[in-house]
Amino acid sequence: MARALELGRRGLYSADPNPYVGCVLWRDGTVGEGWHAKAGGPHAEAAALAVAGDAARGATAYVTLEPCSHFGRTPPCSRALIAAGVSRVVYAIDDPNPQVAGRGAAELRAAGIMVESGLMSAEAETLHAGYLKRRRTGRPFVRVKLAASLDGRTALASGESRWITSKPARNDVQYYRARSSAVLTGIGTVLADDPAMNVRIEESNRQPLRVVLDSALRTPPQSRIINRQGSVLIVGAADDAARREALERKGVEVLIAPAKQGHPDLAAVLDLLGSRGANELWVEAGAVLAGAFVRQQLFDELVVYIAPTLLGPDARALLSLPALPELAARPRLRFSECVAVGDDLRITAVADLAEAS
């Protein structure tokens, strides 16, 4: 199963919006292995069966997710496993997709195949976190990216911020973008920095949807985020026919979302992206918008790059958050990872639900 999880990770930058599934066929040794490489392509089980051929008969299939039992862009994996004559299927976690949701396992058992589940389920939950959250809640898994000095500052008071973190850290961000279904920023960042927000690594041949939260549709049609390869969605809070038309002429999709205090309602935006099949959302925004995701508890992870430098008390803060009435009211987080990236640290923090309750 550990090998199947390793194989599944090979689809990180290409399988979206499908899950990152890996499969190993074992019979006195590995007789076939595969992973889901691309949406619309063979699923992991089919890829492994193609390698194994007749050697799959009597083998055990180790799969990171319950085999599918429905016709989509590809035939059901449950039927492929049955036809190949495997004797046992071990999968890590159930598939919450209502078209599967236990039906895959039931179909295998009905065919006389021994089925077990739960092996390395925690690791599989981590690998499939985005897909599972969308299927369970209708919203994507939200990562908020932050970069700061050691004293928690993101830019000088003048706004100068290029570059606080090192080139390896900035390259590391590209991999998070590449695995994401969508990358989101705010109009403030677009106007201040004119970022492209695209993926620029060889390992990925797809561009995530780029989303700009732009209450008054002020995104310049000549901005880099619009004039780079890939789809762009502008989400406003109030319509402006002339500005909308100028953006749509550039091939940009413009939607007006429910407003909250004059801005697109973040919960509604997440619902929208989830309804479009977005599994993972990468947020790269300024202190106000990033702070709103934290304040409204609409994030799953904070991914913070810390540079070994100091900017001083007059520099800009990491997040825009309201003043706390008392220390006990502070948000509770838990560090889940801390790794060195070049000269910097990448710290991942998640909401501590146990503390919050």
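**A walk through the mixed sheet and its helices**

Start with helix α7, where A169, D172, V173, Q174, Y176, R177, A178 and R179 are buried; buried means under 20% relative accessible area, exposed over 50% and partly exposed in between, with a 1.4 Å probe and protein chains only. Helices (H or I, at least four residues) and strands (E, at least two) are DSSP runs, numbered from the N terminus. Before going on, a word on the model: it is predicted, so local features need pLDDT of at least 70 and side-chain atom pairs count only at pLDDT 80 or more, while totals for chains, interfaces and linings use all residues. Residues are numbered from 1 along each chain as its sequence is written, and side-chain values use heavy atoms, with hydrogens and water left out.

Back to α7: its 13 residues reach 19 Å from first C-alpha to last, close to the 18 Å expected at 1.5 Å a residue (the expected span is 1.5 Å times one less than the number of residues).

Now for the sheet. It is open, has 9 strands in the order β11-β10-β9-β8-β14-β6-β15-β18-β17, and its pairing is mixed; two strands pair if DSSP finds at least two bridges between them. At the edges sit β11 (253-256) and β17 (333-341), each pairing on one side only. From one strand to the next the twist averages 25°. Helix α7 packs on this sheet, touching β6, β8, β14, β15, β17 and β18, and its direction makes about 145° with that of β14. Contact here means heavy atoms within 4.5 Å; axes are lines fitted to C-alpha atoms, for helices over the stretch in contact, and angles run from 0 to 180 degrees between N-to-C directions.

Next, zoom in on β15 (residues 301-307), where 7 of 7 residues are buried. In a regular strand the side chains alternate between the two faces of the sheet. Here E301, V303, Y305 and A307 point one way, L302, V304 and I306 the other, and all are buried. Which strands flank it? β6 (residues 141-149) runs parallel to β15, joined by 7 bridges, and β18 (residues 344-351) pairs with β15 in the antiparallel sense over 6 bridges. L302 shows both sides: V144 stands opposite L302, and A349 is its bridge partner in β18. Elsewhere in the sheet, β8 (residues 182-186) and β9 (residues 209-213) pair in the parallel sense over 5 bridges, with L184 partnered by V211 in β9.

Helix α11 (residues 287-295) has its own buried set: L289, A290, G291, A292, F293 and V294. Their cover includes β6, β8, β9, α10 (266-275), β14 and β15. Just after α11, Q297 takes a positive phi of about 55°.

On to the rings. The whole structure holds 2 aromatic pairs; rings of Phe, Tyr and Trp (its six-membered ring) pair if their centres lie within 6.5 Å, and planes under 30 degrees apart count as stacked, over 60 as edge-to-face and the rest as tilted. One of them, Y176 with W282, is stacked at 4.7 Å centre to centre, with 10° between the planes. This pair links distant parts of the chain, with Y176 in α7 (residues 167-179) and W282 in β14 (residues 280-284), 106 residues apart. Both Y176 and W282 are buried.

Finally, what about A110, at the surface or inside? A110, in helix α4 (residues 103-110), is exposed, with a relative accessible area of 70%.
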